[in-house]
Amino acid sequence: MKGFLRRLLMKLIAGLVMVWVVATFTFVLVHSLPGNPGDIEYDRLIMQGTPPEIAQAKAAVVAGFTSHEPLLQQYFGYLGQLLHGNLGVSISYSGVPVADVIASAAPWTVLPVLSGLVVSFIIGVAGGVIAAVKRSTRWGGLLTLSGSLMAGIPSFVLALLLAFLFHTLWQILPYGDTSDVTLTPGFNGPYIGSVITHAVLPVSTYALLTYGGWLLTMKSSVVSVLGDDFILAAELRGISPVTRMRYIARNAILPLFTVLAISVGYMFGGSVLIEDIFDYPGLGNLLLHSIGRRDYPLMGGAFLLITVAIILANILAELLYSVIDPRVRRA
Amino acid sequence: MNRHTWVTAPVAALAVTAMLAACSTDNKAADGGAVYTTISGTNPITAGAPMNPFNASGNYFLGYNTMQLGFDKLNPADPNDFFPGLAKSWTATPTSLTVQLQDKAKWSDGSDVTPDDVKTSLAIALTQGSATVGAGFLTQGLDVGAVKTVDAHTVEIDQAVGGKNINFTRLVLKQTIVPTKVYGSLVPADIWDTIAASQGSDATAAQAAIDKLNATGKTISAFAPQTDVSAGPFVLTRVNPGSAVLDRNKYFYDLPKISPKQVVLRHYSGNEQIWGYMKNGELDSAPYTSIPTNVLDEILKAGNKRVDSLHYVNAAIAFNESVAPYDKTAVRQALAYVIDRKAVTKVGEPVGGTASTHLTGMIEQATANWLTPDQVNALNPYEPDTAKAETLLKGVGFTKNGDQWMLPDGKPWTITLQTVNGFSDWIAASTVIANELTSFGIPTKPALTADFATYKTEMAAGKYAVGFWLTALGPQASAAYQRLYGADNGFSMRGATVAHVSGKGSGNWQNTPETYTVGGNTVKVGELTAQLSALAPADQKPIIQQLAIATNQELPVIPIWDYTSVQFTNDKRFTNFPQQGQDALLNNPPGVWMMQGYVQGKQ
């Protein structure tokens, strides 16, 4: 237990250093982008037909939320805020705290990303075991082929295809929101049903995109374990196939847990494209909004959240690995 | 968990999901007929933003739950031509505006809309950057000096001392009116003293007052009201991250005219989503989007009806005249003769574009409105004519080496035509223009900038010699010419005089000369443009004529097409939409149509 806690502490310290590095990098990156929020607001309004004097006034308000201090001073101010858990205020939301804006969008990324990941993991792992055990049969071959195909399809192609088929052509699934706005939010059947139906397209995309990877990795892992001496010994000792399968699965699944935890972080990053295609209002869409409006604090906050998710997932993966595999724990 | 549970658990979960989804569909159908579904083209729903019209991303919807004293008809001949809003009528003098509020104007909580609400709203407007506008720009700011209650329904709004802003009526009528009971606590008690100080002659005190107003403005724009209190035909009931629902306001002053029981506004992040909703017949009306012909066909096939109206925007090719050879008028004229604007428009903006014909810096209808027929006929239409282009180029020292045009210094002339990622019409048009110029002997390649913010910054830094640009913005000629002879061209106000700057960091990327010589006369473009914003329309005419003729001769930009506002209506659920020709209405959101008695539910 003491060793575990020491490992956890070391990982957390390393994670904090990584967060600082990434926060610094993203700060420099977002402030290096050409353009400024005031000019963007002015042009946005002018293109909508707003009279110049009104557009100038509104742009001046937005510009008022932009810091004019030297960049280094802004950076130290930003780090100071971060230490107090403050992400600053959004420019494009006219002073609304960044944490509030992110908190309103985050659930709509976390829900589909995690659902998609869990679904694809379960189906992919089960498929991988079958594909490995039945690898010399037609079913095994078909499963492997399906995994290869899905792993090779670009995310935007799959998302566009699903949107076209299920929303435009057959009109059986909605997109463009998290639920039907005419329903009262809460723990009631119609609302929950609406949330689920609105999430089907993004969740399916996440699931289908990652299913192939799980299947192929699991198949390869199972095939490798099948050749181990302890499996042969178990067979010779007359241990039942179900018990043997448990041995195989437990050993074969180990590498996948690491990948699973890391995937959580990467899927947050991948949400940008998928949410944009389905117009699903999560963190990905928020990030695009913040980039388009050059909302530096919001961009920084969204990037940071995605980074922290990846770092935490990595720490969790390593800790999980040591819990699942006693050999790692002892080492 | 036994084997049966393994099987039955997912099946049961699926069944529950299907049942819940079915319940949701039933609920939607129950309210079906009277729900008006559309998209706010100017104000997309923003997840997490407050229901606050002073927030830059706020979820508020003009004409539905957000009201002004009036709604602009975008009449180029009369900038003060408005549809009534919360103001039933108004009387303007050179220094003030007296507004008669609607007799039955009430907020959605049942309380009256009062002159005090107007006073609070105008004070707030002066905290929203308006106090700083005017300094440096070729336009005048809001300039409200005082607001006086005349009686329970009448309010007098005075210009600041010495103010002669001809746009005063327009600017006041366009301000958002909010309830004092919601926003009043955010407005300091001494705000009118601060406003007076900001307009005073003591520069230090004025700046301190402006800073104080701006600080108040920041607090107000970040404010998140708990509920919507609306004086419009609808009140905001709920904002989802991707849509909003508004219910009919039973206290609206002209309730019998409002047919839809509910309005649902959908979010969009790109044109494709709006097209998709229209193809599915989900929208009762849709705002303007740039649209390709094949998509138009599918939209029409789905039962949508196209309604065109004037759009005061033009797509043009702009030059940085500090880069040779674009400093030469003959070069810009030659390029205008080479580019076949009709052919380019047919590819770039086939549905919502009309090729520019008179190249005056204004859209065609505005040109016809301000210039006499003789003046219009005398304009150079720059019809495609490569022989004229060759003559012009040879006249300023260009030579031809085989098929390739050479600059006067003997180097080959090539063009990089800059456009912006995501602007599909500009990108398509740039390909055609590049082909035309290359065929003429000027190898041209289109180039893309990542996004508009980067494009604007790099353009201002003088990085592009030739690129696409939007011109002729707005119905007022002053706005159209500010686009050509304003801040982007180094012109700004310094006190009562027009100053001109150029060079690195000045923001002047067009770099035209300060004056043109037209018919032997000197035309001071910056000064004339500044004068426009201070003159009544009748007095603007001779100045606009000078600017139009000078622009046609000098071509600081080559206009390619005027945009047309192509909107769509769908009469599956509602009828009596505004028709083609009703531009004043069509240029306003559907909430304003409804206030005027349009849009009735089908029985």
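The model is predicted. Chain A has 15 helices and zero strands. Chain B has an open sheet of four strands, and its domain assignment gives three stretches of interest, domain 1, domain 2 and domain 3. Between chains A and B, the contact takes 57 residues from chain A and 61 residues from chain B.

**Chain A overall**

- The C-alpha trace of chain A spans about 85 × 55 × 40 Å along its principal axes.
- Chain A has 331 residues, and 44% of them count as buried.
- Take the contacts in chain A between residues at least 6 apart in sequence: 73% of these join residues at least 24 apart.

**Helix α5 of chain A**

- Helix α5(A) runs over residues 98-105, and its buried residues are Val98(A), Val101(A), Ile102(A) and Ala105(A).
- Seen down the helix axis, these buried residues fall within an arc of 95 degrees, so they line one face of α5(A).

**Where chain B touches chain A**

- The contact takes 61 residues from chain B.
- Several helices of chain B give two or more residues to this side, among them α1 (3-31), α6 (203-222) and α7 (271-279).
- Helices α15 (452-460) and α16 (477-485) of chain B also give two or more residues.
- The element that gives the most is α1(B), with eight residues.
- By class, this side of chain B has 29 polar, 22 nonpolar and ten charged residues.

**The sheet in chain B**

- The strand order is β1-β12-β11-β10 in chain B, and the pairing is mixed.
- β1 (35-39) and β10 (234-239) of chain B each have a single partner strand, so one side of each is left without a neighbour in the sheet.
- These two strands stand at the edges.
- From one strand to the next, the twist averages 25 degrees.
- Strands of a sheet pair through backbone hydrogen bonds, either parallel or antiparallel.

**Strand pairs in chain B**

- β10(B) and β11(B) run antiparallel, and five bridges join them.
- A hairpin of three residues links β10(B) to β11(B).
- Along this pair, Arg238(B) stands opposite Val245(B) in β11(B).
- Val235(B) has Asp247(B) in β11(B) as its bridge partner.
- β11(B) also pairs with β12(B), in the antiparallel sense, over five bridges.
- Here Leu246(B) has Val263(B) in β12(B) as its bridge partner.

**Domains of chain B**

- Domain 1 is assigned to 34-39 + 232-304 + 570-601 of chain B.
- Domain 2 takes residues 67-222, and domain 3 takes 311-564.
- The centres of domain 2 and domain 3 of chain B, taken over C-alpha atoms, are separated by 37 Å.
- The contact between domain 2 and domain 3 of chain B takes 14 residues from domain 2 and 18 residues from domain 3.
- By class, the side of domain 2 that touches domain 3 in chain B has seven nonpolar, five polar and two charged residues.

Notes:
Residues numbered from 1 in each chain as written. Chains lettered and ligands numbered in written order. Predicted model: local features only at pLDDT ≥ 70, side-chain atom pairs only at ≥ 80, totals over all residues. Buried ≥ 20, exposed ≤ 12 C-beta atoms within 10 Å, placed from the backbone. Arc of directions from axis to C-beta. Contact = placed C-beta atoms within 7 Å. Nonpolar A, V, L, I, M, F, W, Y, C, P; charged D, E, K, R; others polar. Pairing = 2+ DSSP bridges. Axes fitted to C-alpha atoms, helices over the stretch in contact; angles between N-to-C directions. Domains from an automatic or database assignment.
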